[in-house]
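Subject: Structure handover

Hello,

Here is the structure for you to pick up. Please load it first, then read the notes below.

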Amino acid sequence: MDLKSFLKRKRIFLFFLFFLLGQWLPCEPSSFPVIRNMGLKYFKYYNPKIEDLQPQNWCVIQDKRGIIYSANHGGVVEFDGVSWRLIRVPNWSVYSMTMDRDGTIYIGGKDEIGLLTPDTNGSLQYVSLLDHLKEDQKKFSIVWKTHTTTQGIYFHTLNFLFRWNPGQKRMKVWQAIANIRFNASFSCAGKLFIRQQNLGLMQMLEDSLILIPGGETFANKKIYMMAEYQEGSLKLLIGTRYNGFYLYDGIISTPFPTGADDYVKKHRLYQGIRLTSGDFALATLRGGLVIIDSHGSLKYIFNKDSGLPEDNVKYVYEDFQGNLWLALSKGLAKIEYASPFSLFDHRLNLPGLILAVIKHQHNLYVGTDRGLYSYSLTFPSIFHPVPGMSSNCWSLLSTGDSLLAATTSGVFQVEEDTKRVIGYPAYVLLRSPGDPNRTWVGTSRGLVSLYLNSKPGGKNQEPRWIKEREFNSITQSIRTIGEDKNGSLWLGTLTQGVLKVDFPVPIKGTMIPPGVDGPVTVTRFDASQGLPPKEVNVFTAAGHVMFATEKGIFRFREKDKMFIPDFILGKEFADGSRGVFRIVEDSNKHIWFHSRCRNFQAVPTPGEPGNQGKSFVINIKPFLRIPLAQVNTIYPEEHGGITWFGGTDGLVRYDSTIKKNYQSDFAVFIREVLVNGKLVFNGYKKINDSQSRPGFPVIAYKNRNLRFSFAAPFFEDEPATQYRCFLEGYDEHWPEWVPGETKKEYTNLDPGMYVFRVQARNVYDHLGEEAVFQFKVLPPWYKTWWAFIIYTLIFFLLVFFIVKWRSRKLVQEKQNLETIVKKRTAEINQKNRQLEEQSGKLKELDKAKSRFFANISHEFRTPLTLIMGPLEHMISRSRSKEQKEHLNVMLRNSQRLLTLINRLLDLSRLDSGKMKLQAAPQDIVPFLKGILDSFRGLADLHNLELEFIAEKEHITLYFDAGKLEEVMGNLLTNAVKFTPPGGKIRVKVTVKCIRTRGLLSNPQTRALQRNKQLPGL
């Protein structure tokens, strides 16, 4: 035997040995259950902390609204996806439940049978049906099963079988005969089957239990499971605890061997159901949950070793979304069985950060930051490290029988005798599309090419990869490589843009000697050619090279050597708004890429011949279930619908052959409404009772503080479900979506009608059915209709009494006013008479005064004239100068006195209206200049400057020259008198139009002008 054959046999032996050990040795505990051959499933464990709630559960069902109920030792537990409630049941324990076509839930407990029905506030309450039983029938112990059939609702105990007819409100009872108890009961296709010990399998026909054909086969075989073998089929799959499975066709029972027989016998079957997928789920007391397909092949085992908190599963139930709910001795568990995703991480001994993944010869190889790990896809158990590969493994490449691994320690050809091909860090491996024997390697030192040597030397030696060429002109660290249709290479770097390598002639089918750096052209491109700065990753997809950057996808435009946005996957991934990290194209021309911690699938749309792949439909719905995390590698398997995503959260397997409805409808429910802390609605309304409008409460004004609680029973990644609410009549628009926000409070609402609306959006961005709650806030008592009627009556009465009082008041005021008017009229008449008398006296006095001034003026003027005449004669005759001066002084004073007397006469004439101005047209400018010149000597004496200004050289006016000369003389005299030395006196003549009318016609005005000394005159 040669060495090669020996090593192969040894490898096979160790492989089977390791498989057997992996089957029987416990795996590392995980929080997710293991699926054989396909990793872990999303899983959640529930153990709600509610007062009086017990850990053990016996049954799980889902009502038509989507809410989950569990039969618990403390009562019925209700779960809406957000909160838990406990519904009390007499004697505490509940063992079985069922739901009829109307959605009513029936309960089987300990010495209790009944149903759940809502009260006026929408709170589910337990209603007992014991009143419909006789006294000797009420001690029946535990109701192990409750079934819904076409005949009614059956409650199964060991000694009694009760049937409740909801329409007729009647109860029918069957009692087991001595030593022949009702051991097990099942309902299939609306029919009830009962196994009775020592008799066999019975069916309820026309209110009698009849042994079915072949039913005696199970007289001494304990049946724990019965389900339709196929939907709509007459065949039944019957599971026993110790005798395996049978197919019953209505006549005979045929053994149905399965791959789970030994496991189920050992771990004690307790219950089972048929799933919508056609598989069968089997609950065991000691081995968790077992899944077999319709052919009996073992598919999955969910047990404690693979993540369940315990192996004691009392019941399994499939909800509307295909999730499996497990009733455990300690809480509940939910498995997202219908999900196309399965997980591989540290719970399967795969630690660290995932960097690369590939399928090679029935094994799965995963490169991590802790080395290379392998996982058998034929007999899987856990991952195992590959010896000698403990450094960062960045890239993997499967080439026929060879597996290449690019690591921080170099490039290795992974086999029994792993060989190092390159001895320094390498990051990426790309098999050349033009020459399958050549592999391009991006290293820390630049670009290297490997070549597959098909003739290594010995005839029994396998081909080896050798270093063909190292490009000395490229020294940058290369992280990604792409080869275009012309054979040119594009190299991506972390910080230095991209490099393009052009070869002068195709290097295809020949091996270049190591160390020879032929005439290649290396062109560097960076931000100056349109590329964003920082890291640029290069990939080939859709028939051209794509450049993934933090600003989206770019492509190279050859004509101007520039990079432009690549819109082939849509504007969102090319307009600079979001970065793209990884791009991979599979064998079906589907493009898988990663952006902002999300995965996407671009499916080419059908088009015209030769135009395939030019447009894509982006698929993101399935990948929304994966928590946000960076993905470092995407690996679509070459054949089949499996795609792998590796990153910070481990390895995710996506099976696109598993079809799932991501538009599955679900409802949103208002679960609780509190008004000032008082419960007015507790969430339950039958689906056919207009559940969208669960009430119309009228709320008093003083209680206008409301709090709403709501939930959406969608049981996939419940924390990711987003909510928003809108109160019509209060809010102006819908707010933003908020994950996990399931309560809303409103305070001090104004009176009026309101509609509270709630929407929910699940993890797949699908909008659920809106919930609505309508209510009315009453106005305060002082704003009610009857208050306004009272206000109106009071107003009219008040107006009436005010009008009446005012009328009397007006009459009285009129009388008083008439009296006052008479009195005031008499006083006014008296005053008028007095004024007339005083006016007459004033007139007489004024006349007397005028006469007095005139007489005294004449009297003064005559002697003064007589004095002035002799004085003038004496001056003309006098020879003495001194005497002459004295006489001149006497004459001047006499003349002055005469002037005063003349003025007094003028005043008398003015008062009597007899004075007349001697006005004549004359040029006022030279007139005023002459008067001003006569005062220049006086001004010089007082050190004053006289200035005359006229707007025009000639201004002709009508004026009395004498009177105006007197006025100007008085004004200039006062000006000289009161102007300080060194000052200036200015006389300015301007032309203005002044209208006077009756200025001196009024006697009182004349008296005022006479007695008032005007300033400056």
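A residue counts as buried when its relative accessible area is under 20%, as exposed when it is over 50%, and as partly exposed in between. By that cut-off, 46% of the chain's 1017 residues are buried. Keep in mind that this is a predicted model.

**Overall**

The chain has eight helices and 69 strands.

**Cores**

The largest nonpolar core has 38 residues. Which of them touch the most other members? Phe383 and Leu651 do. Strand S30, residues 354–360, gives the most to this core, with four residues. A second core is separate and has 31 residues, including Ile67, Met97, Leu285 and Leu332.

Phe383 deserves a look on screen. Setting aside residues up to four places away in sequence, Phe383 touches Phe344, Leu348, Asn349, Leu350 and Leu364, along with Val366, Tyr373, Ser374 and Tyr375.

**Surface patch**

There is a nonpolar patch on the surface, with about 1,100 Å² of accessible area in total. Its members are Trp781, Tyr782, Trp785, Trp786, Phe788, Ile789, Ile790, Tyr791, Leu793 and Ile794. Tyr791 sits in helix H3, residues 785–877. Tyr791 has a relative accessible area of 34%, so it is partly exposed.

**Salt bridges**

Side chains of opposite charge can pair when their charged atoms come close. The structure holds 32 salt bridges.

- Glu468 and Arg438 meet at 2.6 Å, N to O. Glu468 is in strand S41 (residues 464–470) and Arg438 is in strand S39 (residues 438–443), so this pair ties together parts that are 30 residues apart in sequence. Both residues are buried.
- Glu470 and Lys467 meet at 3.5 Å, N to O. Glu470 has a relative accessible area of 23%, so it is partly exposed. Lys467 is at 29%, so it is partly exposed as well.
- Glu770 pairs with Arg757, and their closest N and O atoms are 2.8 Å apart. This pair links distant parts of the chain, 13 residues apart. Arg757 is in strand S64 (752–761), while Glu770 is in the loop between S64 and strand S65 (771–777).

**Hairpin**

Strands S36 (residues 410–413) and S37 (residues 419–422) pair in the antiparallel sense, over three bridges. Together S36 and S37 form a hairpin, with five residues between them. Gln413 has Lys419, in S37, as its bridge partner.

**Backbone points to check**

Which residues other than glycine have a positive phi? His362 is one of them, with phi near 65°. His362 lies in the loop between S30 and strand S31 (363–368). Its relative accessibility is 59%, so His362 counts as exposed.

Ser141 also has a positive phi, of about 65°, and is not a glycine. Ser141 is in the loop between strand S9 (124–128) and strand S10 (145–148). Ser141 has a relative accessible area of 39%, so it is partly exposed.

**Around Asp655**

Asp655 belongs to strand S56, residues 650–655. Buried or exposed? Asp655 has 8% relative accessibility, so it counts as buried. Leaving aside neighbours within four places in sequence, Asp655 is in contact with Pro340, Gly641 and Ile642. The C-alpha atoms of Asp655 and Gly641 are separated by 5.8 Å, and the two residues are 14 residues apart along the chain.

Best regards

Notes
Residues are numbered from 1 along each chain as its sequence is written. This is a predicted model: local features need pLDDT of at least 70, side-chain atom pairs count only at pLDDT 80 or more; totals for chains, interfaces and linings use all residues. Side-chain values use heavy atoms; hydrogens and water are left out. Helices (H or I, at least four residues) and strands (E, at least two) are DSSP runs, numbered from the N terminus. Buried means under 20% relative accessible area, exposed over 50%, partly exposed in between (1.4 Å probe, protein chains only). Two strands pair if DSSP finds at least two bridges between them. A nonpolar core is a set of buried Ala, Val, Leu, Ile, Met, Phe, Trp, Tyr and Cys residues joined through side-chain atoms within 4.5 Å. Contact means heavy atoms within 4.5 Å. Patches are made of residues with over 30% relative accessible area and no salt bridge: like charges are joined within 9 Å, nonpolar side chains (Val, Leu, Ile, Met, Phe, Trp, Tyr) within 5 Å. Accessible areas come from the Shrake-Rupley method with a 1.4 Å probe; for residues, only the protein chains shown count as cover. A salt bridge is a side-chain nitrogen of Lys or Arg within 4 Å of a carboxyl oxygen of Asp or Glu.
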